[in-house]
Amino acid sequence: MYHHISTSPGMITVSPDHFAAQMAYLAQAGYRTVGANQLSAYLAGASLPAKSVVLTFDDGYLDNWVHAHPVLQRHGFTALCFLVTSWPGDGAPRAHAHLGDELPELLNHHEGERAIENGEADRAILRWSEIDAMRHAGTFEFHSHTHSHVRWDKVAPNREEKCVALKRDLLAARAALETRLGGASDHLCWPQGYYDDDYRRVARETGFRHFYTCEMGPNVRGQEQASERSIYRLEVRDRPPSWLRSRLWVHSRPALSRAYLAVKR
Ligand SMILES: [Zn+2]
């Protein structure tokens, strides 16, 4: 799980140099990247090569285009990006790191949050034209992270209104993805990693089957009901590739991963 790949540092930011080195390590170690369809086939019982990895990016930041897209393209890698569909704007694609032009200013996470609140999401978030270019290049797939990113469990006055608001939010995101991208998948990333039984029920009712959490853990075939799956993720840190190599070594061994997480907790 990545958020920002950026020269503006922050808690959930990996530097472009570390990201490039991490991807170079994966390529050189023989890893291949897996898209949403292959992941769901695997979870339903199909096999995958041992060195398979799913790269995910949350929120759809501009820096994903500027710094992640060119690196993924160089290695022939594909990542999943979870879009908050009310945030991307229109306009021509901006420069990215392999175009040689002057790069757009990249806000850090808190500046970006403020820009979004002030109606200036374009300063922090991908444009639809950039999304199209990334899809066309095969570097990114785009899936739902709701339309608003609002935590309805916190702002709705009661349970019923929470469910109604969440449903409206999920349907609006689906409509936006269908209009802009020609289709929407059944993969959903929970805003801020939050979910409860109501969230899961409403998401199932709106057609989602794969739920991306912010919890760590192995993703093993056939463990939950085939009708829905929680997908666990490792938050990748702003560290050299040796760190990623050791995390992959632990978490690709389910028993070891569970023991490690139990001790850590
Ligand atoms: Zn998010």
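Reply: What follows begins with the metal site and then turns to a loop residue, a cavity and the cysteines. Please keep in mind that this is a predicted model, in which local features need pLDDT of at least 70 and side-chain atom pairs count only at pLDDT 80 or more, while totals for chains, interfaces and linings use all residues. Residues are numbered from 1 along each chain as its sequence is written, and side-chain values use heavy atoms, with hydrogens and water left out.

The zinc ion is coordinated by Asp-59 through OD and by His-145 and His-149 through NE2, at 2.1 to 2.2 Å. Donors here are N, O and S atoms within 2.8 Å of the metal (3.2 Å for Na, K and Ca), and since water is not among the atoms, sites may look incomplete. In sequence, these donor residues follow the spacing D-x85-H-x3-H. Asp-59 belongs to strand β5 (residues 55-59), whereas His-149 sits in the loop between β7 (140-144) and α6 (152-155), so the pair ties together parts that are 90 residues apart in sequence. Helices (H or I, at least four residues) and strands (E, at least two) are DSSP runs, numbered from the N terminus. Both Asp-59 and His-149 are buried, a word that means under 20% relative accessible area, with exposed meaning over 50% and partly exposed in between (1.4 Å probe, protein chains only).

Ser-8, in the loop between β1 (4-5) and β2 (13-14), counts as buried because its relative accessibility is 16%. The side chain of Ser-8 reaches the backbone oxygen of Leu-106 at 2.7 Å. Leaving aside neighbours within four places in sequence, Ser-8 is in contact (heavy atoms within 4.5 Å) with Thr-13, Leu-106, Leu-107 and Asn-108.

Leu-106, Leu-107 and Asn-108 are also among the residues that line the largest cavity, including His-4, Tyr-61 and Arg-123.

Finally, the cysteines: a disulfide is a pair of cysteine sulfur atoms within 2.5 Å, and by this rule the count comes to zero. The sulfur of Cys-163 lies 19 Å from the closest cysteine sulfur, in Cys-189, which is too far for a bond. For Cys-189 the closest cysteine sulfur is in Cys-214, at 6.0 Å, and this too is too far for a bond. Cys-189 counts as buried because its relative accessibility is 0%, and Cys-163 is buried with a relative accessible area of 12%.

Technical notes:
A polar contact is a pair of N or O atoms within 3.5 Å; within protein, one must be able to donate a hydrogen and the other to accept it, and residues adjacent in sequence count only if both atoms are side-chain atoms. On a 1 Å grid over the protein atoms alone, a cavity is a set of points where a 1.4 Å probe fits but cannot get out, and a pocket is an open set with protein on both sides within 12 Å along at least five of seven lines; lining residues have an atom within 4 Å of a point.
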